Amino acid sequence: MHHSVKILSTIVIVFVIVLFSSLYLQCYKHQALQPQLSTIYQVLESSKTRFVVLGSLPTAPRRLVIGIPSVWRGSYGTEQLTSTIGNLFEAIDDAEYKNVLVVIYVADQKLALREKMKLILAIKFQYFIQIGSLIVIEAPDSLFPPLYNKQNDYHDSPERTKWRQKQCLDISFLMAFSHNIAPLYLHLEDDIQATRDFLSAITTMTTAFPDAIMFAFSSLGFIGKAFPTNVLPKLATFIFTFYLDMPADILLEYFLSIENRETAVRFRKPPLFQHNGMKSSLKGKEQSLQESDFELPYDMKLSNADNPPAKITSSMTAAFSYVPSDAYIRAPGGFWAREALQDSTFNVTLQTPTRLSKVTKGTLAVLFEGVHKETELAQFQNGFARVNIVDSRRVRKVIIRCTATHHNWVMIQDVALFRWET
């Protein structure tokens, strides 16, 4: 018995020594990358402009920077990238262009392929480059550590292993470059579709949850993941340090766990972005993953509603990461409440009192300008209310009031207001 315990103890000691030796070697290897990462940050902090090959860095602050890495994939990849960029700007109001910067990182290792991409982008998106809403960047391979076929637990081919490593380095560089350009960084891929009014939906959620470490506007990989830019240096460093070991989306999960911030992640339903591409940048790899609940018919709203600027509030108990403004903006979705007590309200307080011709989908009462008593306009019929307003007075507040307590889910899906035509 004594002898068995001694053998067992020896085995445990040997195991611990091997484990710590392995960890030491891993840390030593990753520590060796730190000077290179520091060099990247020093270069970026000293002069980001040296990496900008089309357009110029903004001189005025932006509200959002959107990062998209891309590599040459022939005519198919070119069509996907140009479609993605065009779709993004179509989904943004013209007045919002000045608040957004789209950064395209042409990440091919071959200079000739990068030149092809730059030429196409320069011709296709000249207007957005000129007004300062789009820039294209590139970086020399000498800035990055080497790719190699490291043994891993994913049973990947040498080509796929290096492809994953390159993805990590591309994401890390793009994040490092985007730091301090805007308060929020949104990562997308070059083959996605954005839903309409996605910018309002992003603003709504990020304003409601200022302490979040990440916002997920899509459930697929790194698509639609947004971060406060003060998180980017630490996250970019983490991905860069372990680029040899894991795919970027798994590294992101580890990062959130290590930071002990899993509960500070906010998920938006329905998603704002759909993955459209079928061909991966890895030769021979098919990528058919798509969002199953993107732009479903019952999530869509009236596209012709005016919905003047307003403050949206509710005394109903919100569910998950839903916020009242989700029912007012034109992006798909709505406001889900866990519970609505009797006399609880959903309120649309107009910034400027406005003459309304009609209100649809959910309005029960309004407050006219200079009046303190609600004027009831309609009752719900099968979850729907629609009313034409013939009163010429200007409306300052629209109110949905619960006349009975609902202990189960309540959804306000679409509040649509229409101005009088002048």
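These legends accompany several close-up views of one predicted model.

Because the model is predicted, local features need pLDDT of at least 70 and side-chain atom pairs count only at pLDDT 80 or more, while totals for chains, interfaces and linings use all residues. Residues are numbered from 1 along each chain as its sequence is written, and side-chain values use heavy atoms, with hydrogens and water left out.

**Figure 1**
Before zooming in, here is the overall setting. Helices (H or I, at least four residues) and strands (E, at least two) are DSSP runs, numbered from the N terminus. Of the 422 residues in the protein chain, 50% count as buried; buried means under 20% relative accessible area, exposed means over 50%, and partly exposed lies in between (1.4 Å probe, protein chains only). Among contacts with a separation of 6 or more, 78% come from residues 24 or more positions apart, where contact means heavy atoms within 4.5 Å.

**Figure 2. Helix 3 passes helix 4 in a right-handed crossing.**
The axes of helix 3 (residues 74-90) and helix 4 (residues 111-124) come within 11 Å and cross at roughly 35 degrees. Axes here are lines fitted to C-alpha atoms, for helices over the stretch in contact, and angles run from 0 to 180 degrees between N-to-C directions. A crossing is right-handed if the near helix is turned clockwise from the far one by less than a right angle, and left-handed if anticlockwise. Look for T78, L81, T82 and I85 on helix 3, which meet M117, I120, L121 and K124 on helix 4. By class, this contact has five nonpolar, two polar and one charged residues. For that count, Ala, Val, Leu, Ile, Met, Phe, Trp, Tyr, Cys and Pro are nonpolar, Asp, Glu, Lys and Arg are charged, and the others, Gly among them, are polar.

**Figure 3. E138 pairs with R114 and with K118.**
Side chains of opposite charge can pair when their charged atoms come close. The structure holds ten salt bridges, each a side-chain nitrogen of Lys or Arg within 4 Å of a carboxyl oxygen of Asp or Glu. In one of them, R114 and E138 meet at 2.7 Å, N to O. R114 sits in helix 4 and E138 in the loop between strand 4 (134-137) and helix 6 (158-178), so this pair ties together parts that are 24 residues apart in sequence. E138 also meets K118 in a salt bridge of 3.2 Å, N to O. With K118 in helix 4 and E138 in the loop, that pair ties together parts 20 residues apart in sequence. R114 and E138 are both buried; the relative accessibility of E138 is 16%. K118 is buried as well, at 10%.

**Figure 4. K234 and E259 meet in a salt bridge.**
The distance to look for is 3.5 Å, N to O. K234 belongs to helix 8 (residues 232-241) and E259 to the loop between helix 9 (248-258) and strand 9 (265-267), so the pair ties together parts that are 25 residues apart in sequence. K234 is partly exposed, with a relative accessible area of 48%, and E259 is partly exposed at 28%.

**Figure 5. D414 is a buried loop residue.**
You will find D414 between strand 20 (410-412) and strand 21 (416-419). Its relative accessible area is 1%. The side chains of D414 and R330 are joined by a polar contact of 2.9 Å. A polar contact is a pair of N or O atoms within 3.5 Å; within protein, one must be able to donate a hydrogen and the other to accept it, and residues adjacent in sequence count only if both atoms are side-chain atoms.

**Figure 6. Backbone details at P270, E295 and N307.**
Most residues other than glycine have a negative phi, and most peptide bonds are trans. The peptide bond from K269 to P270 is cis, with omega near -5 degrees, and P270 is in the loop between strand 9 and strand 10 (273-275). E295 has a positive phi, near 50 degrees, and lies in the loop between strand 10 and strand 11 (310-314). N307 lies in the loop between strand 10 and strand 11, and its phi is positive too, near 40 degrees. E295 is partly exposed at 28% relative accessibility, whereas N307 is buried at 13%.
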